[in-house]
Amino acid sequence: MTTTMTARPSLYTTTIGRKVLMAGSGAFILLWVTAHMLGNLKVWLNRPEFDSYAHFLRRMLSPPFPNTWVLWIIRILLIAAFAVHVYFAITLGLRSRAARVSRYEYTDHVQADPAALTMRWGGLTLAAFIIFHLMMFTWGWIHPGYSFDKADPYHNVVGAFGEWWMVVIYAVALFALAMHVYHGFWSVFQTLGLNNRRWDRVIRVWATGASVFIFLGFISIPIGVAAGAIS
Amino acid sequence: MTMAPEAPLNPSTRWKEGDPISIPVPDGPIADRWDQHKFEMKLVNPANRRRYKIIVVGTGLAGASAAATLAEAGYHVSSFCYQDSPRRAHSIAAQGGINAAKNYKNDGDSVYRLFYDTVKGGDYRSRESNVYRLAQVSVNIIDQCVAQGVPFAREYGGLLDNRSFGGAQVSRTFYARGQTGQQLLLGAYQALSRQIGLGNVDMYPRHEMLDLVVIDGHARGVVVRNLVTGEVRSHVADAVVLASGGYGNVFYLSTNAKGCNTTATWRAHRRGAWFANPCFTQIHPTCIPVSGDHQSKLTLMSESLRNDGRVWVPKQSGDPRSPDTIPEDERDYFLERKYPSFGNLVPRDVASRNAKEVCDEGRGVGKTGRAVYLDFADAIKRLGLPVIKERYGNLFDMYQRITDENPYKVPMRVYPAIHYTMGGLWVDYNLMSNIPGLFVIGEANFSDQGANRLGASALMQGLADGYFILPYTLPNYLATEKLEPVTTEHPQFKVCESDVATRTEELLAKKGTKTVDEFHRQMGLMVWEYCGMARNDNGLHKLLDGLPAIRADFWENVNVPGDGASLNQSLEKAGRVSDFLEMAELLATDALHREESCGGHFREESQTPEGEALRDDDRFAYSAAWEWGGPNDTLEPVRTGPIPEPVLHKEPLEFEYVHLTQRSYK
Amino acid sequence: MTVIENPLAKPGSEPQSEGTIHITLKVWRQGSGRDAGRIETIDAPDIATDMSFLEMLDVVNERLIKTGGDPIAFDHDCREGICGSCGMMINGRAHGPEQATTTCQLHMRHFKDGETVFVEPWRAEPFPVIRDLIVDRSAFDKIIQAGGYITAPTGTAPEANNLPVPKPDADQAFEAANCIGCGACVAACPNASAMLFTSAKITHLGSLPQGQAERDARVMSMVAKQDELGFGTCTNIGECSASCPKEIPMESIARMNRDLLRATRRRRRRPGQ
């Protein structure tokens, strides 16, 4: 029997396949962000705990791996995940723009939440923030009002949030992150086809939980420093 | 314009009597006729089929299923529809269901019973052999649709569900909630889409057929207009299939889609095809009433509502009170009063006529006074709100959306409206018209429904014709006829193209003072008034005198804005209305000549002492096939005066199996 | 002059002035796909609130024709919410402000006296404007032609009840088969994506046992076709489903994603397919 159903695209040539890659890379980044936050929270305990965490990162799985190897493997994976995530965000985004060249004179939405509508702008904000964040805490290029000491991350954290506007920048960035995580978390399930109407509400609740958790976890540190609770 | 004469013209000048029709009707036991006929028909060698080109006009249930099936068999099919996609044909709006003699409910149904009920329901004005065949293939339709993935309603055990519909005593109606037509059409559309994808069907959406090309007495092609570019083009074929639906929009307000029209069938008629029984039109009793002059179409609500709703009007004429304040003893439940045994479940025509009667007496309700109440208060009291919600929830929602009234609290207002036309182009047992090579299927033909169609039978007929009958009979024609090859360079194609172009130019040239819709409304109201739920000699003469006046006015004063070289919806409408204006006259002539009441045609002069329809089998047991009275070599519109006297060909109907009785619902 | 009275009107009844509103339309006018379009302001007084939105446009068009203007072209046919012909953006919303309602079933009582109403065509590159509010949606037909069917040539069908279908599966198929192909999902989607339309057909046919044989091939072909036609990418916003007059759920899209993942995975395992 002849058929017209002859197209056999490989998964990653389809828009859906590319979304799957975005979902996978996004999920990986989210896992890392969560671990990053849990580690950072150690700053609330005391300086030795925090330093030992930084130390642990360098000595992860050592032995058998030499020091910093695992950290580098994670870093490389992370960079790859970012590369994939950003590349497809840009190409798929351009594709969608090309699908609506002429725009509506009057725009409105029925239900779309800001989190869903701002994925691209939020993503751009986050990209800018990540570079800023690296410039502060990894490369030490930005250190308003304190001296950057590569060997003393606790000192860097406490020094960084001495300025109120730095707290504001972080608050804004973390809000963008929370929005991105809220929609991204739910989208992973939807894109991978794991969503259905029974689980939809549950996944929405998880997504809210995850974004609130990440926001509060991270924001507690600048606020803690600014409030003098961490010093 | 001059006043049309009041006194009727001499009836004998309204039409001419032609030769009776005698066609080879298969004989032998009725159950074997179709099988025998299938065996006797000639076949086309599979290797040769690709060389035959078949044009199918319309993509409803009949057209889409025929185009898909013929393409599957290997023929080269071109399919045309005026909509932007074949999926939008008006079959999609059918709500109720589709009948099939499956006897899944084990309640005594059979092919023979479905056949018998359909002939009887059609008030004995259909061909027995055709109807039997329809009942036979009904079972195949269900199998076919299920295999295509039509999501029919199912029981918890996973088997197909059936319901009883339209007063039938067996449960033989298959349904998909209130959207059976949609689901069946999508099945046919998908089968058609597959053939389009395979390159076996050339699909032409947004194309309207404007002429039939007849060469050496055979249908050899069509002239179509591309509705987007305005381009007029000819298409050659070895056979032409019209599946262009009914002509209900001749009444302007109907439950048909806005685009439904008679243009394809009427222009085929102008080229020589006979139009049969045009006065057989069906009126559905429960539609949402007209709300004002702006009304553009009517919305039907399933007749299942009458299972629980009680129909009433106030006893007192012009009663201004709101329905809930009218006490029980001042209400007239007129159907229950007049038909104690059937009550609110009397057939469509009886319910409709009685609604008209009480409104004519001034007892109608609502703003326009043309509506009756359909009250669910008692049913809600008896069965509880949840049951009513479960049964009719979607219909109640629809009613509320349109009228802004809550039918759970206030009674619905309903009024009858035209929704199906049994008449159409005359066809023989092979579904071929009197023009060899012109086949007509679905609602477009004069159908197996006789003078009245039973509920859930329209979908059955459309799919029977398209899937299981035409794909056998059309090849027989191809195999028996030796057709000369023709091209669109043939002079007749040029004649047709030029006729189409002339009509378009003339419509565009007038730039008069009245819009197309004004003429359409004016004509429709007049046809509805005099040839709607009831007809009489005097009214029909008035109609026959009034129509030429409207038509003359149309050709003098119509304003069609824009040009013909692009998408122009006013122009499309104008062309369709120009055909309706002629067609309406044939409809009225047919109604005038049929001096009996029969099915959907209630002739006031022919009624029993109790006011019920009275058939006259001695004089009218025939189908009336009308031949265009003028020449077939031109499409020139009849601008002034009546249409040329049509010629009546009678096809006598013989009933060997079904016993003729008068209907009674007392 | 023959005067034909409106037999539907009660004798002596006057046209009601109550129940009418006066609105201002801002309508997209475009001569053809090649011309540049623009918003035109049209004054629309005396609009009965009982009218449907399309009847309002009918009335406006009648007035335009009478005054030598050019009527607004818009697609419409059944006017009972099932054919899927009509569709326009009304104040930025596909089919207007009412949920689960096609334009033909939207009534003017949902608009306020004095309101300004923007009316625009569906906007998406795969849906080019033909004239005014009419767009070419044949891309949807092409998606169906690519695989939106079950191969069941006439005459091959087995007895219908030989294949019981669990009621929940049949109901799910029906819910997805409700799609009327109007294009509101594409129009409302900020990305102009056709995922809801495509997934509705995949869910309809893939929920039924009859649809299993071609399930993998179907999803691969239909997804490839919708991509090829230039629709945008789904970012799971959900405007499609919220704007859908038939309320096709978002889970159909998840289901299509799942089916595509499964189909491409199985294909790797069985490369001949």
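Is E328(B) buried, partly exposed or exposed? The model is a predicted one, and in it E328(B) has a relative accessible area of 46%. Because buried stands for under 20% and exposed for over 50%, E328(B) counts as partly exposed.

**The surroundings of E328(B)**

- E328(B) lies in a loop of chain B, between strand β13 (310–314) and strand β14 (331–332).
- When neighbours within four places in sequence are set aside, the residues in contact with E328(B) are R310(B) and Y333(B).
- The C-alpha atoms of E328(B) and V232(B) are 63 Å apart in space, and the two residues are separated by 96 residues in sequence.

**Chain A on its own**

- The C-alpha trace of chain A extends over about 70 × 50 × 35 Å along its principal axes.
- Chain A has 231 residues, and 40% of them count as buried.
- Among the contacts in chain A with a separation of 6 or more, 65% are made by residues 24 or more positions apart.

**The interface of chain C and chain A**

- This contact involves 63 residues from chain C and 47 residues from chain A.
- About 4600 Å² is buried between chain C and chain A, and carbon and sulfur atoms account for 53% of it.
- On the side of chain C, the residues that lose the most area to chain A are R123(C), T233(C) and N236(C), which together make up 13% of what that side buries.
- Between chain C and chain A there are 3 salt bridges; one of the salt bridges joins R197(A) to E175(C), with the closest N and O atoms 2.7 Å apart.
- The count of residue pairs in polar contact between these chains, both at pLDDT 80 or more, is 41.
- Elements of chain C that give two or more residues to the side touching chain A are β5 (116–120), α4 (184–188), α6 (215–228), α7 (239–243) and α8 (251–269).
- Helix α8(C) provides the largest share of that side, 10 residues.
- Sorted by class, the side of chain C that touches chain A holds 32 nonpolar, 19 polar and 12 charged residues.

**The interface of chain C and chain B**

- Here 82 residues of chain C are in contact with 92 residues of chain B.
- Chain C and chain B together bury about 7300 Å², of which 53% is on carbon and sulfur atoms.
- There are 7 salt bridges between chain C and chain B, including one between D75(C) and R206(B) whose closest N and O atoms are 2.8 Å apart.
- Across this interface, 46 residue pairs are in polar contact, both at pLDDT 80 or more.
- In chain C, the elements giving two or more residues to the side that touches chain B are α1 (53–66), β6 (129–131), β7 (134–135), α2 (138–145), α3 (167–177) and α5 (195–206).
- The class totals for the side of chain C that touches chain B are 43 nonpolar, 21 polar and 18 charged residues.

Definitions and conventions: Residues numbered from 1 in each chain as written. Chains lettered and ligands numbered in written order. Predicted model: local features only at pLDDT ≥ 70, side-chain atom pairs only at ≥ 80, totals over all residues. Heavy atoms only, no water. Contact = heavy atoms within 4.5 Å. Buried area = accessible area lost by both parts, 1.4 Å probe. Salt bridge = Lys/Arg side-chain N within 4 Å of Asp/Glu carboxyl O. Polar contact = N/O pair within 3.5 Å; in protein donor to acceptor, adjacent residues only side chain to side chain. Helix = DSSP H or I, 4+ residues; strand = E, 2+ residues; numbered from the N terminus. Nonpolar A, V, L, I, M, F, W, Y, C, P; charged D, E, K, R; others polar. Buried < 20%, exposed > 50% of the residue type's maximum accessible area, 1.4 Å probe, protein only.
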